[in-house]
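Please look over the sequence and the model below.

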Amino acid sequence: MSDKAAQPSSRLVRDSAVVGAATILSRLLGFARDVLIARLLGAGPVADAFLAALRLPNLVRRVLGEGGLNAPFVPLYLEIKAERDEEAARRFAGEASAQLGVLLIVLVGLGELFAPWLVLGLAGGFADEPATLALAAQYTRLMLPFLLLTTMAALLAALLNAEKHFAIAAIAPALMNAILLGVLLTMLWTGSPPETGASVLAASVSLTGLAHLAMIVIRLRSTGLPRLSLRWSPDMTRLIRTGGATLLAASAAQLVLLVATQIASAEPGSVAALYYADRVFQLPLGFVGVAMGTVVLSDMAAAQATTAEHDAMLGRALALGLALGVPAATALAALAGPIVSVLFEHGRFGAEDRDRTEAALRAFAYGLPFAVVAKVLGQVYFARQTPRPALIAGLAAVLIAVVVGLIAGSRGNAAEVAALAASFAFLVQAGLTAYFLRRDGLWRPSAGNLRPILAVFVASAAMLAALILILPVVSGPLGLEQPTLHRIAALAGLCLAGLLVYGLAGLVLGAFGPRHLRRRQV
């Protein structure tokens with residue numbers, strides 16, 4: 001294979017690794033944040049209220065800050081730049097920034113006025129819990145400025161991504177989580193009661209949005225900030241015409257999680273359990289799906305490539321995503337109990353909370369590979385500015401989550417039911433997106449790609465067998481009576497053992513390796 005052909009593969013891996021490493025840093029800090037939230041708030045009414053209110057900022061941050069605005073903005077920006085010039089593209093960026101800002105100011109103002117109704121839209125079960133609803137409305141009002149600040153930051157970060165400056169835009173969320181960590185540690189050190197702690201933390205969420213925007217603006221100053229303009233141009237018409245559908249399609253996974261929150265809100269304590277399980281689930285998904293989705297979109301939108309080259313690019317991304325996503329899902333399902341216990345079972349987070357969260361995490365794990373596949377495959381339609389098939393797949397996923405929730409909503413653990421509904425939804429989204437790509441002639445998978453993917457599943461099965469054998473051996477060090485550092489070390493050792501088994505099995509079976517990353521075709 002020529003150096004020219006190998007270069008896109010190596011750059012895909014490199015850029016995905018940069019975005020993935022920054023994303024995983026943010027997720028790890030966010031994970032530490034959630035461990036401290038569990039310690040401070042537990043999983044009672046205050047936690048339910050705070051975490052339901054936090055669902056909206058998290059929705060916006062995940063959708064917009066992790067690629068949602070890339071999907072409608074980047075292809076159009078690059079097209080304007082290629083067909084006209086950089087000045088025209090920057091002018092378009094300034095128009096989009098100014099007009100989005102005005103819209104957000106109006107929406108945030110309405111949200112402040114109608115906060116209780118907004119909360120009921122996120123967690124309808126709170127209608128029967130007036131005290132919890134009042135707390136959630138209070139926390140929502142404190143967090144709403146975050147939406148304005150971080151959405152503006154996300155649009156400017158999309159401009160950076162279009163110019164292939166990935167690192168700063170990806171690492172900015174880590175700064176946000178570091179601020180919240182500092183606030184949480186201070187409140188735990190001073191012994192703040194849950195309601196006071198939740199209020200301070202809610203206000204701090206908006207502060208992190210300001211820090212996010214400032215970090216992106218500082219980076220853009222070196223490349224040139226776009227000049228804000230309220231002029232409505234034909235380019236803005238095109239953005240609105242395709243951008244709304246694209247943004248909605250890119251938001252499908254988060255809309256599924258909103259449906260899951262509605263399902264969980266029917267049972268006290270389940271919103272918090274679902275949130276903690278989702279945070280663990282998002283850790284590998286952030287590295288695999290978000291990182292690769294961001295880079296693949298930019299490459300496909302910029303590339304003047306043949307169909308075969310696009311097939312190869314998509315094949316490399318999908319193969320690498322599954323090579324990381326399948327073992328991650330296997331490990332989460334096998335180790336859900338120890339993970340939840342070691343990370344969250346402290347302070348006000350008790351045994352009942354642990355069991356509820358463990359069941360939800362295991363249910364989420366089943367959907368992880370499908371979430372990765374849907375994320376990567378959907379980039380093809382976003383890059384081509386034809387989001388309708390991806391939108392149909394996303395809306396079908398949301399509908400499936402609603403149906404599953406209605407059918408099984410009153411059975412057992414509400415958090416587990418909600419997570420299962422989400423996993424079924426991701427399965428439907430991935431399957432429909434793959435079907436549409438094949439139907440439209442945009443993806444031509446070959447038998448050659450099935451062999452390494454099968455090897456990934458076999459290597460993951462080997463890892464699962466090893467974890468099942470090792471788990472009883474380390475059950476003692478993982479016990480609640482052990483010091484926290486000992487338990488963390490035991491869990492880390494268990495994860496490392498599983499990773500080594502998977503890595504060796506994958507190499508032997510040909511699941512991955514430099515040769516496959518360079519040559520794998522779709």
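Are α4 and α6 roughly parallel or roughly antiparallel to each other? This is a predicted model, in which local features need pLDDT of at least 70, side-chain atom pairs count only at pLDDT 80 or more, and totals for chains, interfaces and linings use all residues. Residues are numbered from 1 along each chain as its sequence is written, and side-chain values use heavy atoms, with hydrogens and water left out.

Helices here are DSSP runs (H or I, at least four residues), numbered from the N terminus. Helix α4 (residues 86–113) packs with helix α6 (residues 130–162) at an angle of about 170 degrees, their axes being 9 Å apart. The two helices are therefore roughly antiparallel, a term for angles over 145 degrees. Among the residues of α4 that meet α6 (contact means heavy atoms within 4.5 Å) are Ala-93, Leu-100 and Leu-104, and the α6 side includes Leu-148 and Leu-155.

Helix α6 also takes part in an aromatic pair. Tyr-139 in α6 pairs with Phe-50 in helix α2 (residues 45–68), 89 residues apart in the chain. Their ring centres are 6.0 Å apart and their planes stand at 70 degrees, so the pair is edge-to-face (centres within 6.5 Å, planes over 60 degrees apart).

The largest pocket is lined by 32 residues, and Leu-283, Pro-284, Leu-332, Ile-339 and Cys-495 lie nearest its centre. A pocket is an open set of points on a 1 Å grid where a 1.4 Å probe fits, with protein on both sides within 12 Å along at least five of seven lines; lining residues have an atom within 4 Å of a point. Helix α18 gives the most to this lining, with 10 residues.

Note on methods:
Axes are lines fitted to C-alpha atoms, for helices over the stretch in contact, and angles run from 0 to 180 degrees between N-to-C directions. Angles under 35 degrees count as roughly parallel, over 145 as roughly antiparallel, 65 to 115 as roughly perpendicular and the rest as oblique. Rings of Phe, Tyr and Trp (its six-membered ring) pair if their centres lie within 6.5 Å; planes under 30 degrees apart count as stacked, over 60 as edge-to-face and the rest as tilted.
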